[in-house]
Amino acid sequence: MSTEEENSCCHHDTAPPPATILTPAPGTIYTCPMHPEIERDGPGDCPICGMALEPKTISAASPEDDSELTDMTRRLWIAAALTLPVFLLAMSHLFPKAPPSLSGNASRWIQFALSTPVVLWAGWPFFKRGWRSIQTHNLNMFTLIAIGVGVAYFYSAVAMVFPDVFPASITHHGKIGIYFEAAAMITVLVLVGQVLELRARGRTGHAIRRLLDLTPPVARLVTNGDEREVPLSEVKRGDHLRVRPGEKVPVDGKVIHGRTTIDESMITGEALPVEKNPGQKVIGGTLNNTGSIVMEAERVGQETVLSQIVQMVSEAQRSRAPIQRLADKVAGYFVPAVLLAALLTFAGWFWVGPEPRLAHAIVNAVAVLIIACPCALGLATPMSIMVGVGRGAHSGILIKNASALELMEKVTTLVVDKTGTLTEGKPRVTKVFAAPQISEEDLLGLVAAVEQQSEHPLAAAIVAAAKAKNLSLEKISDFVSTTGGGVGATTSWGRVLTGKLAFLRENGVVDFGDLETRAATLQAEGQTVMFIAIGDHAAGIIAVADPIKKSTPDATRELRRLGLKVIMLTGDNELTARGVAKNLGIDQVEAGVAPRDKHERIKQLRGGKAVVAMAGDGINDAPALAAADVGIAMGTGADVAMESAGITLVKGDLNGIVKAIHLSRAVMRNIRQNLFFAFFYNALGIPIAAGLLYPFFGWLLSPIIAGTAMSLSSVSVIANALRLQRVRL
């Protein structure tokens with residue numbers, strides 16, 4: 001059941017509370033997702049990679065601070081609006097019919113005026129991070145961006161304001177080349193990446209917010225026979241609480257009065273509601289279906305199962321390393337090499353170059369920095385990711401973050417939940433076997449007539465099966481329910497009993513014969529069997545199960561063919577889990593697994609050097625989805641599962657995992673090709689820009705040519721990335 005569906009079932013006397021929003025708790029320590037050794041008392045940027053620090057602990061309290069996203073979004077839109085005319089003016093010479101005025105001095109001054117706020121205001125955060133990376137000796141992508149954008153802009157600004165400081169030999173049609181469009185475009189592209197990253201972090205927090213929203217805001221406290229509503233924060237261990245039908249259990253505890261059935265699918269993954277009698281445990285956040293109970297609070301606040309799930313999701317999501325780590329690692333070597341090349345170029349031309357030596361030294365050093373501008377390097381990863389994400393969406397694969405797409409290529413172990421992932425998650429009648437004296441349809445209609453009076457979880461599936469066949473349900477009398485056994489009622493056929501085999505034997509029915517053998521076979525397949533008797537004689541059996549999705553067998557075979565080890569972890573019972581695993585050829589099965597155990601099992605697998613993908617659909621799967629290298633949610637499942645996962649399959653079809661693997665491999669191959677293109681141009685262009693060919697041929701690489709080469713590297717990266725639109729999955 002989804003979060004929305006659960007909420008629709010709840011009825012409170014008070015108006016619904018405002019949405020819970022996350023905020024860091026007082027005294028919160030902030031850390032970097034990529035560098036957990038970095039810890040600060042307040043928000044800020046990581047001194048190593050430049051990423052924004054995130055709180056280690058959260059609470060449900062005052063509004064979340066999204067000022068950084070708001071600021072970056074504002075900078076992006078203003079920068080994009082100003083950059084578009086700069087780009088069009090700079091490219092006007094490529095259009096034969098463009099008016100000459102578009103390439104004149106007025107055009108150049110307009111580009112200068114429009115690009116200045118883009119670089120100096122919109123791009124200011126990147127200059128700050130780049131400068132900090134130099135101060136702390138942790139060179140990263142922001143170092144490259146700051147240097148590339150700064151050199152392109154300030155060189156162009158000097159060319160506009162002081163053109164006479166440059167030698168005539170580097171002019172083109174009497175003008176010094178300018179690169180305002182390059183500086184502005186790089187700034188806009190980096191802003192796009194920052195906004196997408198901040199939005200992804202917001203969605204991560206949204207998953208935790210949905211989990212916190214599962215608990216009711218108030219509890220009904222019972223004292224000396226009186227009942228009153230109190231805030232959940234005031235509930236203490238040992239308090240007695242009333243939980244009415246349709247309400248959520250406020251905290252963890254045990255039933256002390258009353259009987260009911262509770263939907264625990266959010267915790268256990270069990271599709272069927274569970275009967276609760278005095279002395280049995282109940283879990284905070286689960287949904288009370290039918291009966292009114294009084295419970296005793298045993299674990300409250302941060303001790304509850306749901307609070308522990310929230311903390312596990314928070315820690316697991318924060319531990320993920322984004323794909324930017326690769327680019328930063330490359331930048332750590334690339335930036336010093338470029339700076340050294342530019343410095344050597346300047347020194348060489350200043351000491352042994354022709355006159356004017358200083359001008360030649362500046363121009364050639366700038367040419368080196370411009371051709372080494374990280375535009376192509378900055379585009380190499382996000383372009384492929386952007387196109388790959390679009391291609392995945394077209395095939396029903398929604399990718400929330402780049403790291404999930406990156407790691408999917410390397411997955412060696414796939415852990416799957418049973419209910420709603422391998423199966424449909426909707427229990428229904430699968431088999432009806434009737435004794436000779438009654439037809440199967442009459443038997444189903446007769447049992448449905450009796451079960452419609454029952455609160456047992458299996459009753460709804462039987463009544464639904466009868467209605468699907470348009471069977472009329474007769475009126476019954478003398479209905480009796482035996483907890484843990486079965487039900488009975490008087491019908492036009494006589495006294496009808498239905499329930500467990502032991503219950504019917506206790507009532508003198510012993511002649512099931514072949515029906516008992518068939519029941520054993522169905523139970524071995526993981527189905528739940530109800531025995532039926534009319535009078536003192538066996539009348540048949542009805543099996544209820546959660547059917548396996550039609551696409552699941554082919555998908556599991558293909559996953560094994562791709563070399564993945566498939567493991568089933570489920571909160572369902574052992575018999576049912578084994579039956580499903582046998583049908584699908586899954587060798588490793590762990591049943592009755594609680595959310596914390598799933599989470600710990602994923603961590604154990606990852607500790608054993610396996611790259612783990614986890615596929616699930618329930619709230620109970622959220623911690624494991626977040627803890628896995630790649631979390632994969634079924635689009636038909638709970639919203640919290642989808643928020644916690646890196647990949648969501650829209651159709652809830654396991655074949656989507658196969659497609660996601662093929663897509664990941666294609667995208668990562670494309671990224672490596674793009675990085676090659678980006679560095680190929682730099683490796684070829686930097687020596688030429690430095691003047692390597694001058695002693696032999698008298699050739700110098702003008703900054704205009706350097707800018708063209710830089711643009712060509714970007715064009716090649718973009719063209720290669722667009723090929724992903726045609727990749728076959």
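## Surroundings of Asn-674

Leaving aside residues up to four places away in sequence, Asn-674 touches Ala-380, Ser-384, Val-717, Asn-720 and Ala-721. This is a predicted model, and in it Asn-674 lies within helix α23.

Is Asn-674 buried or exposed? Its relative accessible area is 0%, and because buried means under 20% relative accessible area, Asn-674 counts as buried.

## Packing of α18 and α23

Two packed helices are described by the angle between their axes and by the distance between those axes. For helix α18, which covers residues 552-561, and helix α23, which covers residues 655-689, the axes come within 8 Å and cross at roughly 30°. The helix α18 is therefore roughly parallel to α23, since angles under 35 degrees count as roughly parallel.

On the α18 side of this contact are Asp-554, Ala-555, Glu-558 and Leu-559, and these meet Asn-655, Ile-657, Val-658, Ile-661 and His-662 in α23.

## The chain as a whole

The secondary structure of the chain amounts to 25 helices and 27 strands, and of its 729 residues 52% are buried. When contacts between residues at least 6 apart in sequence are considered, 69% of them join residues at least 24 apart.

The accessible surface of the chain is about 32500 Å², and carbon and sulfur atoms account for 59% of that surface.

Conventions: Residues numbered from 1 in each chain as written. Predicted model: local features only at pLDDT ≥ 70, side-chain atom pairs only at ≥ 80, totals over all residues. Heavy atoms only, no water. Axes fitted to C-alpha atoms, helices over the stretch in contact; angles between N-to-C directions. Helix = DSSP H or I, 4+ residues; strand = E, 2+ residues; numbered from the N terminus. Parallel < 35°, antiparallel > 145°, perpendicular 65-115°, else oblique. Contact = heavy atoms within 4.5 Å. Buried < 20%, exposed > 50% of the residue type's maximum accessible area, 1.4 Å probe, protein only. Areas by Shrake-Rupley, 256 points an atom, 1.4 Å probe, with all protein chains shown as cover.
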